[in-house]
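Please read the points below alongside the model. They cover confidence, the contact between the chains, helix geometry and backbone details.

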Amino acid sequence: MGENGKLKLGLYWAASCGGCEIAIVELREKILDLDAAADILFWPCAMDFKYKDVEAMPDGHIDVCLFNGAIRSSENEEIAHLLREKSKVLVAFGSCAHEGCIPGLANLFDRQSILDRVFLEEPSVDNPKGLLPQTSYHVPEGEIEIPYLYNTVKTLGQVEDVDYFVPGCPPQAPQIWAVVEAILGGNLPPKGSVVGANEKTVCDECQYKREEKRVKKFYRPHEIIPENRCLFDQGIICAGPATRGGCGALCTSVGMPCRGCYGPAPGVVDQGASLLSAIASVVDADNEDEAARIVGEIVDPVGTFYRFGLPASLLHRRKLE
Amino acid sequence: MQKISIDPITRLEGHGRIDIFLDDDGNVANAYMVVPELRGFEKFCEGRPVEELPRITPRICGVCPEAHHMASAKACDAVYHVEVPPAGKKLRDLLYSAFYVADHTVHFYILGAPDFVLGPDAPPAERNILGLVHKVGLEIGGRVINCRGMAMDIVGMLGGKTIHPVGALPGGVSKAIDEDERAQIEAWGHELVDFGLFGLQLFQDVVMANQAYVDMILSDTFTTPMYYMGLVDENNHVNFYDGKVRVVDPEGNEFVKYAPDEYLDVVAEHVEPWTYLKFPYLKGVGWKGFVTGKDSGVYQATPLSRLNAADGMATPRAQEAYEQFYETMGGKPVHGTLATHWARLIELLYSAEHVVELATDPQITDPHVRNIPTETPDEGVGIVEAPRGTLTHHYITDEKGLVQKCNLIVGTTNNYAPMSISIKKAAEAFIKDGQVTEGLLNRVEMAFRSYDPCLGCATHTLPGQMPLEVLVRDSSGDVVERLTRFVE
């Protein structure tokens with residue numbers, strides 16, 4: 001706490017989309033309460049040039065640092081280490097920091113193929129000399145440096161010791177506020193806990209009741225207009241059974257299946273494996289061949305079952321050549 | 001060498017930094033706006049089912065996920081050759097218009113207004129939304145938060161989530177609305193129209209009534225004539241969801257007007273090895289470096305450029321505001337970068353009026369909001385106007401609808417070259433003979449802030465100001481001066 005008795009809060013973003021910051025704006029009028037209770041030291045404190053300013057802080061100077069975004073570059077990792085040193089409590093805030101999120105799908109490829117695609121192959125690219133970004137490049141006036149992009153997207157917990165995890169893409173405002181209240185009230189659970197979510201699955205929060213109906217064919221969302229009942233029961237792959245609750249089942253509230261952004265359900269190690277087993281248990285097949293055909297029709301299993309959690313999963317990434 | 005590092009350059013590909021180099025006399029030799037991050041969506045969308053891209057690509061930007069959601073859904077419609085039923089189209093447009101109100105509100109009140117309401121030389125600790133609330137009163141501050149919330153509630157009602165909505169898919173949307181929902185949206189819409197009018201009045205009272213601000217808006221430092229791009233409907237009125245992209249030259253004459261699937265004939269992207277972001281330009285003029293004018297293919301895609309590229313607004317009150325804008329600013333096109341804030345408020349009013357228009361459309365409660373695609377998927381382009389610029393999604397799939405190639409030209413990217421040029425111009429104006437004034441920090445910020453680089457909202461928000469550092473180095477690279485503006 002500062003001398004004024006207010007909590008010293010830091011908000012930082014690494015490889016992310018900005019949705020976690022807007023999620024804080026989604027606190028709406030409570031943002032004024034947050035401001036009354038906490039001094040926000042930086043939001044974000046991002047650049048290499050400001051390392052010095054953060055480095056100048058005594059260790060543990062920041063009471064709580066909400067860190068969103070994945071670890072994608074050398075710069076992301078350096079500042080993760082720095083903020084760990086300077087923060088009493090380091091929170092992996094949002095799906096990217098928690099489990100890698102959608103940018104983690106880059107682990108199905110490598111650094112070079114990404115650079116080639118973006119800077120050489122795209123049909124709009126004009127690059128006759130075949131230039132690719134260089135970590136250090138000499139322009140006529142001097143040297144310009146940019147961070148090194150890793151082959152592999154990592155979660156915050158894979159590069160640093162994390163105290164708490166707030167799931168969601170993005171975390172929903174009521175959950176964020178509950179976490180803030182827990183921090184202010186000193187009511188935090190044991191280190192390593194997932195906070196800002198609940199101990200159930202998305203199915204428990206869904207407007208529909210799942211009946212575990214047997215399925216002869218799986219549909220992609222655009223292929224059928226579902227009836228007003230459980231989407232999974234109708235053969236639409238929905239990550240609800242394998243996903244931690246806390247979001248309020250917002251996607252299914254408009255008739256779209258869950259894609260799993262709140263991460264694995266409590267007690268589940270691998271969300272994708274858990275979803276696959278939920279699928280396997282409802283396949284309505286008379287023999288193994290038929291079962292294989294029905295499941296085989298599911299397109300892009302990795303990108304579907306591990307949509308938000310590939311870097312944190314047991315798969316982690318595609319094998320590098 | 002002087003290095004100015006600015007945080008909220010872009011939300012689309014992470015952080016940004018500006019490196020400014022001084023010559024032996026201490027004057028600006030060159031300025032580089034560096035984007036040090038890349039996430040590679042173009043690559044990892046490969047292999048994904050195309051109908052999932054409206055749920056994947058919004059993670060490019062959590063500030064304007066609705067724009068990616070819509071551009072992606074439209075690209076999917078094109079890939080599947082499926083027609084969206086009228087109600088489906090209108091519901092997408094309705095969600096998108098409500099989002100525009102929320103997004104422009106965030107930009108103007110949280111990002112732009114503090115410079116004008118509190119003044120560019122106000123202490124940084126006050127020059128933020130809380131300082132603004134202080135100055136204009138809690139009641140107005142509360143109204144801003146409340147109206148933004150209302151607009152976001154419309155997004156949530158139609159799209160499930162307010163950030164990263166999920167309702168649009170190939171052929172339409174997943175959810176129809178009933179009469180109760182329609183009536184609620186209409187009621188909110190009327191409040192948003194009042195709020196839009198209020199914003200324009202505030203701009204008149206606070207900004208245009210102050211000669212110092214008017215002079216700044218019209219000053220050469222913040223004036224950069226170039227090509228202007230924007231989406232227009234069949235009447236050449238500004239449209240955000242649908243239409244053709246129109247580009248006018250620095251004199252305001254139509255240069256080209258193209259349909260989404262013709263974008264490769266018009267736009268190309270230049271590559272520099274010192275940054276992870278590309279520089280789009282007009283192919284028909286060519287890349288001539290970091291210069292503007294009729295002979296340079298550099299164009300901008302902003303609220304100002306959209307007004308310049310159009311012949312008017314499609315709703316009555318916004319049209320009045322449009323006419324007043326050009327009358328006051330001395331005719332079309334307007335080149336003053338800072339006038340973008342005014343243009344943004346005109347767009348906010350248009351979006352609010354359009355919300356009411358759509359909410360009172362007899363078709364809007366039609367339950368037929370989706371068509372199931374029946375054609376074989378192959379290739380498609382979807383374009384919408386994102387708040388920060390024309391947004392293009394281009395997908396090629398196999399016969400199962402799995403993505404083989406994906407190209408994205410994202411809102412802020414369009415403005416990468418113009419922002420770089422504006423920043424250099426501001427730096428040149430404020431750095432003379434090695435002297436860097438404190439005012440440089442915020443003036444340079446203002447030069448790019450008007451473009452609303454995507455991260456702006458997230459960083460310049462309450463209660464802090466944007467952290468900035470200027471390192472002034474001489475030509476041998478030694479630091480001769482260091483100015484910081486960092487919290488704490």
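1. Residues 44-49 of chain A keep a pLDDT under 50, and the model has 22 contacts for them beyond four places in sequence. Here pLDDT is the predictor's confidence in each residue, from 0 to 100, and two residues are in contact if their C-beta atoms, placed from the backbone, lie within 7 Å. Chain A as a whole averages a pLDDT of 91, with 96% of the residues at 70 or above, that is, scoring at least 70.

2. The model is predicted: local features need pLDDT of at least 70, side-chain atom pairs count only at pLDDT 80 or more, and totals for chains, interfaces and linings use all residues. Residues are numbered from 1 along each chain as its sequence is written, while chains are lettered from A and ligands numbered from 1 in the order in which they are written.

3. Chain B averages a pLDDT of 86, and 82% of the residues score at least 70. Over residues 454-470 of chain B pLDDT stays under 50, although the model has 91 contacts there beyond four places in sequence. A further stretch of chain B, residues 484-488, is also below 50 and has 14 contacts beyond near neighbours in sequence. For the complex, the predictor gives an ipTM of 0.96 and a pTM of 0.93.

4. Between the chains, 75 residues of chain A are in contact with 84 residues of chain B. On the side of chain A that touches chain B, helix H1 (residues 19-25) gives the most, with six residues. Helices (H or I, at least four residues) and strands (E, at least two) are DSSP runs, numbered from the N terminus. That side of chain A divides into 46 nonpolar, twelve polar and 17 charged residues. Ala, Val, Leu, Ile, Met, Phe, Trp, Tyr, Cys and Pro count as nonpolar, Asp, Glu, Lys and Arg as charged, and the others, Gly among them, as polar.

5. Val125(A) has Glu269(B) as its bridge partner in S9(B).

6. Helix H7 (residues 179-208) of chain B has 30 residues and should span 44 Å at 1.5 Å a residue; its end C-alpha atoms are 42 Å apart, which agrees. The expected span is 1.5 Å times one less than the number of residues. Among the buried residues of H7(B) are Trp188(B), Leu192(B), Phe195(B), Gly199(B) and Phe203(B). A residue is buried if 20 or more other C-beta atoms lie within 10 Å of its own, exposed if 12 or fewer, and partly exposed in between, with C-beta atoms placed from the backbone.

7. Two cis peptide bonds deserve a check. One runs from Cys169(A) to Pro170(A), with omega near -10°; Pro170(A) lies in the loop between strand S10 (164-166) and helix H7 (173-184) of chain A. Another joins Lys332(B) and Pro333(B), with omega about -15°.

Conventions
Pairing = 2+ DSSP bridges.
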